[in-house]
Amino acid sequence: MCLMRTHSRADLTKTLAMTTPFSPPLYMQRYQFVIDYVKTYRPKKVIDFGCAECCLLKKLKFHRNGIQLLVGVDINSVVLLKRMHTLAPLISDYLQPSDGPLTIELYQGSVTEREPCTRGFDLVTCVELIEHLELVEVASFSEVVFGYMSPGAVIVSTPNAEFNPLLPGLRGFRNYDHKFEWTRAEFQTWAHKVCRDYGYSVHFTGVGEAVGHWREVGFCTQIAVFQRNFHDTMSNAKRLEPSVYRLMYRVVYPSLSDNNIYQRTLVNEVLYEAQHLRQEWLSRMNMDSSNNAHFCAPPLMDVFQHGLEGGTRDCQPVYQQGGTICVPLARVWSSPRVRALCGSVQRLREELQVDSRVRMSADGTVLILPAAADDEDDEEVEEEENVKAVSGVANNVEEDWDRELGCYGNV
């Protein structure tokens, strides 16, 4: 139903202030829709067509939710070259590597071209892309995305032309580069044909809703979520090298799935925890200079009583033996981070015994550290504290959508 024929111009003008601008801005709502989908369905391989400024890729990289391969494709190589380094790992990604792998790639190419390396993806996103194609190219778009690539799911968003009269000052299309803007009926007609031709089912939704009786025009951005109705073996096939697209950028994020990174991360955590326990012990000794014993059990509240695989609970105090401080492995095992990394005391012992940076007792139950508190040791402990502080801030940082994406319009 045409909005302008069912309500007066006065009513429309009065409503404009209530319906726009959107809060959050519409581009944020579109990206958040994709993020929520990824969080729910956890696709491992995701490709975003028309990635442009890489804003959605940055959000998906931040949230991740199990993504292992994140690919962006855009026809404009200039904007890719300008923005690709925003996808590089942060310092926190190196300080605290993620559990799973992540590779990010950017390609120059067109969604209407068949590229072998784009097959086998779990999710394809086309956010405000299809309206930039010529109408005669839509059939090629459909055949390439749904027929040739055959991903597990596809998210397509596009302007709802029926909403346009509610947008203040809008004349014509919402963007100078739009070749068309579909009504809901036109969008759904195209989507249902795709489902019949390529074996998909579709669910329609959107973001940016009008208020009151204006709801009848639908969402400002209409969204179709396609799900493939058949099993496809391509998702497990070996990925091919690009032969049509041009690779512009590729980065592999540090992760614990890399054995070298895992070993380094685990040993760093163990040494940090051991040095921390050593420093605590030395501080107590300095505070009680009258105690000359070479064995000093910490106060009861500091004693770690743990249950090893055998189920017994033993007191494991730090103690001095000659010129060394002995830190029981069980005390280090009490660290939640070490436990999360390793899984068992036996595996922890085996990992440490093959690392040259770690000195242990013959039976592998005690870490041996020098008793002398030199400046270098103090600096190492301080550096580790700073590393954890920086990493903690990075892991808890709040996303600033307006700052990062403020250059975009809200429709």
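1. Axes here are lines fitted to C-alpha atoms, for helices over the stretch in contact, and the angles between N-to-C directions run from 0 to 180 degrees. The model is a predicted one.

2. First helix pair. Helix α7 (residues 138–149) and helix α8 (residues 184–198) have axes that come within 11 Å and cross at roughly 45 degrees. Angles under 35 degrees count as roughly parallel and 65 to 115 as roughly perpendicular, so α7 is oblique to α8. The crossing of α7 and α8 is right-handed.

3. Residues of that contact. On the α7 side they are Val138, Phe141, Ser142, Glu143, Phe146 and Gly147, and α8 supplies Trp190, Val194 and Tyr198. By class, the α7 and α8 contact divides into six nonpolar residues, two polar and one charged.

4. The axes of helix α9 (residues 259–287) and helix α12 (residues 345–353) come within 10 Å, crossing at roughly 100 degrees. Because of this angle, α9 is roughly perpendicular to α12.

5. Residues of the second contact. In α9, Tyr262, Gln263, Leu266, Val267 and Val270 meet Arg347, Leu348, Glu351 and Leu352 of α12. The contact of α9 with α12 has six nonpolar, one polar and two charged residues.

6. The sheet. Eight strands form an open sheet with mixed pairing, in the order β6-β7-β5-β4-β1-β2-β3-β8. Its edge strands, β6 (200–209) and β8 (246–252), each pair on one side only. From one strand to the next, the twist averages 15 degrees.

7. Pairing at β6. Strands in a sheet pair through backbone hydrogen bonds, either parallel or antiparallel. Which sense joins β6 to strand β7 (residues 219–228), and over how many bridges? The pairing of β6 and β7 is antiparallel, over nine bridges.

8. Whole chain. The protein chain has 14 helices and 13 strands. Of its 411 residues, 48% count as buried. Among contacts between residues at least 6 apart in sequence, 76% join residues at least 24 apart.

Notes: Residues are numbered from 1 along each chain as its sequence is written. This is a predicted model: local features need pLDDT of at least 70, side-chain atom pairs count only at pLDDT 80 or more; totals for chains, interfaces and linings use all residues. Side-chain values use heavy atoms; hydrogens and water are left out. Helices (H or I, at least four residues) and strands (E, at least two) are DSSP runs, numbered from the N terminus. Angles under 35 degrees count as roughly parallel, over 145 as roughly antiparallel, 65 to 115 as roughly perpendicular and the rest as oblique. A crossing is left-handed if the near helix is turned anticlockwise from the far one by less than a right angle, and right-handed if clockwise. Contact means heavy atoms within 4.5 Å. Ala, Val, Leu, Ile, Met, Phe, Trp, Tyr, Cys and Pro count as nonpolar, Asp, Glu, Lys and Arg as charged, and the others, Gly among them, as polar. Two strands pair if DSSP finds at least two bridges between them. Buried means under 20% relative accessible area, exposed over 50%, partly exposed in between (1.4 Å probe, protein chains only).
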